Every structure is written in C-alpha cells, then in structure tokens.
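Please look over my notes on the model below.

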Amino acid sequence: VMVVFGLMNKHNEIIALKTGGVSIYRLMKAPLLLGVLFSLILLMFSEILLPIVRSNANRIWLEEVKKVEVNAQRRDIWLKGQNAIYHFQFFDPVRMRVYDASLYFFDADFNITRRIDAREGGYIEEQWRFQEVMDQLRHPEDGSFVVQHLDELTLPLDFEPMDLKSVVKDSDEMSLLELADYIQTAKSDGYDATPYLVDWHAKIAYPLVCVILSVIAVAIAGRGRRGENLAIVVVTGIGLAFCFWVLHGFSLSLGYAGMLPPVVAAWLPNLMYFFAAAILLLRAE
C-alpha cells in the first residue's frame with residue numbers, strides 16, 4: 001500500500017486527486033478492504049493451519065528426535081523418567097510451576113518403592129522444590145509404607161521445566177474454542193489460567209493489525225508532500241510494523257505477569273496504533 005501511494009505521491013497524483021475534490025477517505029477504501037482480507041486470512045491461518053503444524057512439529061520433535069515418552073492432554077501431564085513416572089495435573093508455562101504433582105518411583109522389577117504427592121512445586125537452583133508434600137516410602141522387607149507429611153521437599157529429578165513446556169499443548173496448538181474450553185476448565189479446577197486468557201484475546205486482536213497498518217500506510221503515503229523519497233516512506237512503514245511487533249510482545253509479557261488485565265494486554269497495542277492512525281488521517285486530510 002505504501003509503495004503504491006508513494007509512487008502516486010512521487011508523480012504528484014495524490015495532490016491532483018485532492019485538488020479535484022477526492023477525499024483521502026475515498027482513497028482508503030481499497031487498502032482498507034485489502035487489510036480486512038489479510039486479517040481474515042491471518043485469523044484463518046491461526047485457527048486452522050497453525051494448530052495442525054505446531055502440533056505435528058512438537059510430536060515429531062518429542063517422539064522422533066528426543067525419544068520422550070509422554071502423554072499430555074492439556075492439563076493431565078504424564079512424563080516417564082528413569083525408573084520413575086511423573087504426573088502433573090496442571091503446569092504453568094510462564095511461572096514454570098507444577099500443581100497437584102504425583103511422583104512414582106520403581107525398582108528394577110517395576111515394584112513401586114516411593115510415592116510423593118505435592119500441592120505444587122517449582123524449579124529452583126537445578127532442583128525441584130515441592131510444597132505441601134506427602135511422602136510415602138516403601139519398606140524393602142515387609143512392603144509396608146512409611147508416610148511423612150512435609151511442608152517442603154527438595155528433589156533432584158531427571159527433568160526440567162523446559163521438558164514439561166515442550167510436551168504441554170501450547171496456545172498456538174489450540175483454536176479459539178479449544179482454548180476457551182481449556183480456560184474454563186482450568187478456572188473451574190481452581191488454577192490460574194491468566195497466560196492462556198491473554199493468548200485467547202491476542203488470537204483475536206493480533207490479526208486486526210493488518211487493518212490498522214493499512215490505514216496508517218494510507219495516511220503516511222497519502223500526505224501528498226512533493227518530492228518525498230519513496231524509500232523513506234517504505235522504511236517508515238517497515239519501522240512501524242516492527243515497533244508494533246515489539247509493543248505487542250511487551251504488552252503480552254505484562255499480561256502474563258499479571259501487571260495488566262488480559263484484555264488490556266492483548267488490545268493495548270491495537271488501541272495505541274488505532275489512535276495514531278486517526279491522528280495521521282486527520283493530518284493527511
């Protein structure tokens with residue numbers, strides 16, 4: 001859009017159209033429709049193609065490359081370690097914490113030797129630290145279990161948070177309906193679903209950037225300044241797109257951290273650029 005309008009501006013066609021009474025808003029119709037079309041394409045891509053591609057890529061990476069045996073169904077995460085099986089009811093990929101953990105340890109004959117249940121846990125200094133722990137240790141002679149209740153327990157397990165993050169179904173692997181269902185389920189179970197709620201709003205907000213940037217492109221390239229360099233116009237457009245991408249990522253980070261409400265974190269960059277587009281349009285007119 002900026003290239004086309006820049007070329008028109010270079011040959012004074014924008015000035016001629018304005019002199020003939022053609023409003024900048026009439027010139028904006030075609031680019032605006034193009035922006036809406038690209039927004040719909042981007043939304044369909046994130047809803048249909050991206051979940052399939054990301055899911056298959058993660059499956060190939062885990063099964064074929066890392067040879068990891070996992071069974072991850074959004075929330076119920078099963079991970080096989082060395083002589084151990086780990087189960088986590090919920091994993092927060094932002095805070096890197098697990099909730100409602102059950103750890104099963106076995107001997108060479110696959111007899112259970114120890115079971116640990118914990119309300120939650122986190123990865124600190126290359127070790128897992130669990131809170132509200134019930135530790136059941138099997139006596140090797142009579143097979144009875146000794147039960148201990150601990151406020152905290154530190155264990156050097158054979159997996160890291162990134163291993164969990166790679167097997168958990170990411171927001172990009174879910175459609176809007178799937179993600180909404182997951183958020184509702186997590187909330188009903190008492191877990192904090194803030195990161196997923198931010199991603200849900202971002203899935204809707206991000207594709208609209210095509211419409212907003214189309215309006216900004218018309219406003220910048222259609223100012224009708226004589227002798228304005230086409231390269232400057234194009235570089236300005238690329239810079240604005242890059243700044244939006246940085247602002248979008250920063251705003252989402254604030255939402256993940258709980259510093260902004262999820263809806264604000266996802267829509268704030270769009271609102272800022274929308275007001276910028278409105279101001280530029282008024283100046284261009």
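1. The model is predicted: local features need pLDDT of at least 70, side-chain atom pairs count only at pLDDT 80 or more, and totals for chains, interfaces and linings use all residues. Residues are numbered from 1 along each chain as its sequence is written, and side-chain values use heavy atoms, without hydrogens and water.

2. The structure holds 14 aromatic pairs. Rings of Phe, Tyr and Trp (its six-membered ring) pair if their centres lie within 6.5 Å; planes under 30 degrees apart are stacked, over 60 edge-to-face, the rest tilted. Tyr86 and Phe105 have ring centres 6.3 Å apart and planes at 75°, so this pair is edge-to-face. Tyr86 sits in strand 3 (residues 84-92) and Phe105 in strand 4 (residues 97-106), 19 residues apart. Strands are DSSP runs of E, at least two residues; helices are runs of H or I, at least four; both are numbered from the N terminus.

3. Phe90 and Tyr182 are stacked, because their planes lie at 15°, with centres 6.4 Å apart. The pair links strand 3 to helix 6, across 92 residues. Both Phe90 and Tyr182 are buried.

4. Helix 6 (residues 176-188) buries Leu176, Leu179, Tyr182, Ile183 and Ala186. These fall within an arc of 125° (directions from the helix axis to the C-beta atoms), so they line one face of the helix. The face turned away carries the exposed Leu177, Gln184 and Ser188.

Key
Expected span 1.5 Å × (residues − 1). Buried < 20%, exposed > 50% of the residue type's maximum accessible area, 1.4 Å probe, protein only.
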